Structures are given as C-alpha cells and as structure tokens.
Amino acid sequence: MITKSIKEICDYANGSLISDADVLIRGVSKDTRTLEEGNLYIPIIGQNFDGHDFISKAAERGASASLWQKDHALPDTDIPLILVDDVIKSFQLMAKNYRASLDTKVVAITGSNGKTTTKDMLSAVLSQRYRVAHNRGNENNEIGVPLTLLSLSEDTEIAIVEMGTERFGEIIVLTEMAMPDIAMITNVGDSHLEELLTKENVAKEKLDIVKGLPDNGVFVYNFDDEILRDSVENTDIKQRILTYGKAKSNYIIDNISISSEGSGFTVNGKVYHLLLIGMHQIYNAAATIAVSDIFGLDISEISEGFKNIKMTGMRNELKKYKRFDILDDSYKSNPQNLISALSTLYYLDGYELKIAVLADMLGLGDDAKKIHADIGKKLSEYDLDYIFFYGEFMESAFESAKKDHPEDRVRIYDDKKKLLRDLISIMKDDSIVLVKGSRAMHMEDIVNRLDEYDSEGMKYDQ
C-alpha cells in the first residue's frame, strides 16, 4: 500500500496542506468502519451520503490525515487536512501519480463478461513467478480502481486491474489513471445498453482502454467476438495486438472437452485442463495464456496456476451436494453469459434431471422484452427438463419458451417461495439446477435454500 509523507501525498493530489504536521500516511480508506490506523481518509460524496460528515469518526479510528473538499466548512479536528477542489478527482490524481512512481507492470482488463474470472485466473497463474496484486472483489469503477492502485506495494511486480463501465467516458478515466502495459477486452455484450444503447457503442467505449497504453504496450482481445473484431479493425491501434479464439488467432483454442470434472482444451497445440467448467471459462483461460506468455511463463507454471484459481463467488460455480448439484451463476446475467451457462449445462452428463431457474436480465434498455423473448426461443436447443422463470422480463421468455416445451415443464413465478416449493417437489436424486439472474434479482436466495434443503434433509413448507 502507499506509504508516503503527507507532503508527498499532498503533491500527488495537487492539494494544499493546512498544517505543519509531518506525518506518515500508510494506505487510504473511504470507509470509517474499515479504516485502519495511519490511513488517509477519503471523504467520498455519494448520492445519499457525504463522507465529510464522518471526519470525527475517521479521527477516532486513527486516520493520519484526510482529504477535504474546499466547498465544505473546515471541521473541528486535530488531524491534518489536504484541501482539494474535488475529492474524487484528487483521489484519482493521487492514484495516477503513485502508479507512475512504481516499476509495477499493469494488466488492465475490461469486457462485458469474463473480466473478473480472467482477473482471478491471471492472478493465480502469474503468481507462480511474480508478486501479483489485483482488485478486491469487483472494485472496478472510478472509486475501486484508485483504491486498487493505492493498495499496491512498491515491490508489487504485476498488478491486474479490472475496469468496468456503464456509460461513455468511464474507461478512458480508468485507463489513463492505471497506465497499463497490457490491455485486454474479453468480449462485448448487451450489458449497459440503457446508457450505451448498442453493442457497437459498448465496443467503442471498451476500446478506449487502449488509450492508456504506451506505444510499446500490448492489446489482447477475443477474436471470436464479431462485433469486437469489427470495431478493432475500424480503430487505429498502433500498439502490438494479440488475439485468441477458435481460428485465425495468435492463440488458437482446439480439442475442447467439458465434464463435471472440468474443461480440457489445447491452445496452440499445448494441452491444458481447468477445474472450472464451460466454454466461456476456456476463453478466459486462453486470454490468461496469452498474457502469461508475454511475461515468459511456461506451460508447467500456467498449468499449476490453473489448479490454484480462487474464484470470486457466485460465478458459474458447480456445487456438489449429496442428492443434487447446483450450477451457481447467480451473480449476474445478460444474454451472452446466460447462453454460456446454458451451454455448460448442456455439456454436463450423468444427471437424471436438468433444471434451469432463470431470473430477469437487467440493464438491457428499451429492447429488454424482445431480448428476453429471443432467449426463450433458444431454450429448446439445450435439452432442459424443466425451466422455472422468475421476474417481470422473464415473462417474455416464458411466452416464447412454452411454444416449444410441454406445458408443465416451463413455469413463471413472481414469488420465490412458491418457486422453491415447486422446484423441490419435482427434484429427484441426481438432478442439476442452474440458477441464473442479474445481481439485483438476488437469486442466491434460491441457492442458499437449496443448500439448506440438502444439508438438513428438510421439506420446504414455508
């Protein structure tokens, strides 16, 4: 983490120090509940809160100093203050200047799907040889990225920085702050269409990640993503470009096999195995292999790293129980990663029943109902025994799906308790249940209750 004198911090933030104190800053915090002694307090101003209101709590917790926005009255506090025009912009500037002072190589990752998993994979693999750091959880926005950069130690050799976006102009802020040596786009999907409107616009926004690359940087992307590929071909990119995909790529994926035990595949003829399941995970692995190759890792190091991946939770995780299994993908949902999850379920053998529990995909803009209806039409391709829909938009998917399925095999719900009762009533030993939905739908509720049902052997009668 950043460890600097307050005067150096003040210079990094382009602020004014209103104290003669000569204190040492050890790390930063935006939350007084987790603030540690010696931290610089960052009083973020949000829609429903103002961090400046908690300066007394920050001082009590042992903050060494605090940023302070000039349009706020000076507080009655003993800790030094660094006056700035805008807390968030100064926070980001401080992170940018600190990153510039480091010898750390930065890998920046964005994409509609797969960026968090690819971050997790890269961290596990590159850690076989280097000292590696990365975002905590999915802190990938205008606040999360500077927190990540300021958490880096001076001896960190590689930092993996995930970058998210919801509207135009966000990626360029993040990439110019992180100044990556390698930039990656995993794919382009339908997420964030409420603001960006089209997938072509999503691709344009994601491609801004290249603007933070130096001339000798490397850009890595998924060549099989047609919209992304077309956007790259129509963009003037001076840096070196590496691609991965099933054909015509620098890193060619082949010989694919997927089972409940994991995913096997080759990249440029070299054999790899993942404990994770699904074609989308193989794409993430190919991206990881491409970047690992840049850093000089060999196949044995990469393979060992694949064995030690620590995944961020609720992301296409196969949970095995005594009587049934759950394919838990309840963290997020959009058309692309829903199709990936369904494909994974299709490949898995040895189950008496395959059941999909699908909740609304949010953030799809004005075409949300049509997109859900289109998904419903495709469901017959995946040999599902039952499909349980939950949510307002999934009504459109239900209406499409029921045309191609027996009437009692597709069901729509607006009540999770009723869904659970019916789900448990039709489950038998050796069933597998895919649970999928956007984060705001809280489909982990279903997963947690199924966990209880299996472990306690109870009947769900609530």
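Leaving aside its neighbours within four places in sequence, with which residues is Ser66 in contact? In this predicted model, where contact means heavy atoms within 4.5 Å, Ser66 is in contact with Leu40, Tyr41, Pro43, Ile55, Ile79, Pro80, Leu81 and Ile82, neighbours within four places in sequence being left aside. Because the model is predicted, local features need pLDDT of at least 70 and side-chain atom pairs count only at pLDDT 80 or more, while totals for chains, interfaces and linings use all residues. Residues are numbered from 1 along each chain as its sequence is written, and side-chain values use heavy atoms, with hydrogens and water left out.

Ser66 is found in strand 6, residues 65–69, where helices (H or I, at least four residues) and strands (E, at least two) are DSSP runs numbered from the N terminus. With a relative accessible area of 0%, Ser66 is buried; by the convention used here, buried means under 20% relative accessible area, exposed over 50%, and partly exposed in between, with a 1.4 Å probe and protein chains only. A polar atom of the Ser66 side chain lies 3.3 Å from the backbone oxygen of Tyr41, and Tyr41 is also one of the residues in contact with Ser66.

Glu162 is found in strand 10, residues 158–162, and its relative accessible area of 1% means that Glu162 is buried. The side chain of Glu162 makes a polar contact of 2.8 Å with the side chain of Thr116, and a polar contact of 2.8 Å also joins the side chains of Glu162 and Asn140. A polar contact is a pair of N or O atoms within 3.5 Å; within protein, one must be able to donate a hydrogen and the other to accept it, and residues adjacent in sequence count only if both atoms are side-chain atoms. When residues up to four places away in sequence are not counted, Glu162 touches Ile109, Lys115, Thr116, Lys119, Asn135, Gly137, Asn138, Glu139, Asn140 and Val145.

His372 lies in helix 13, residues 368–378, and counts as buried because its relative accessibility is 0%. The side chain of His372 reaches the backbone oxygen of Ala368 at 2.7 Å. Not counting residues up to four places away in sequence, His372 touches Asp360, Met361, Leu364, Phe393, Met394, Ser396 and Ala397.

Aromatic rings were examined next. A pair of aromatic rings is described by the distance of the centres and the angle of the planes. Rings of Phe, Tyr and Trp (its six-membered ring) pair if their centres lie within 6.5 Å, and planes under 30 degrees apart count as stacked, over 60 as edge-to-face and the rest as tilted. A search of the whole structure finds ten aromatic pairs. Among them, Tyr321 and Phe324 form a tilted pair, with 5.5 Å from centre to centre and 35 degrees between the planes; Tyr321 counts as buried at 19% relative accessibility, and Phe324 counts as buried at 3%. The rings of Phe388 and Tyr413 have their centres 5.5 Å apart and their planes at 20 degrees, so this pair is stacked. The pair links distant parts of the chain, since Phe388 is in strand 20 (residues 386–390) and Tyr413 is in strand 21 (residues 410–413), 25 residues apart. Phe388 is buried at 0% relative accessibility, and Tyr413 is buried with a relative accessible area of 7%. Ring pairs also link Phe219, Tyr221 and Phe223 into a cluster.

Two loop residues concern the backbone. Most residues other than glycine have a negative phi, and most peptide bonds are trans. Asn268, although it is not a glycine, has a positive phi of about 50 degrees; Asn268 is found in the loop between strand 15 (262–267) and strand 16 (270–274) and is partly exposed, with a relative accessible area of 42%. Asp383, which is not a glycine, likewise has a positive phi of about 50 degrees. The place of Asp383 is in the loop between helix 13 and strand 20, and Asp383 is exposed, with a relative accessible area of 53%.
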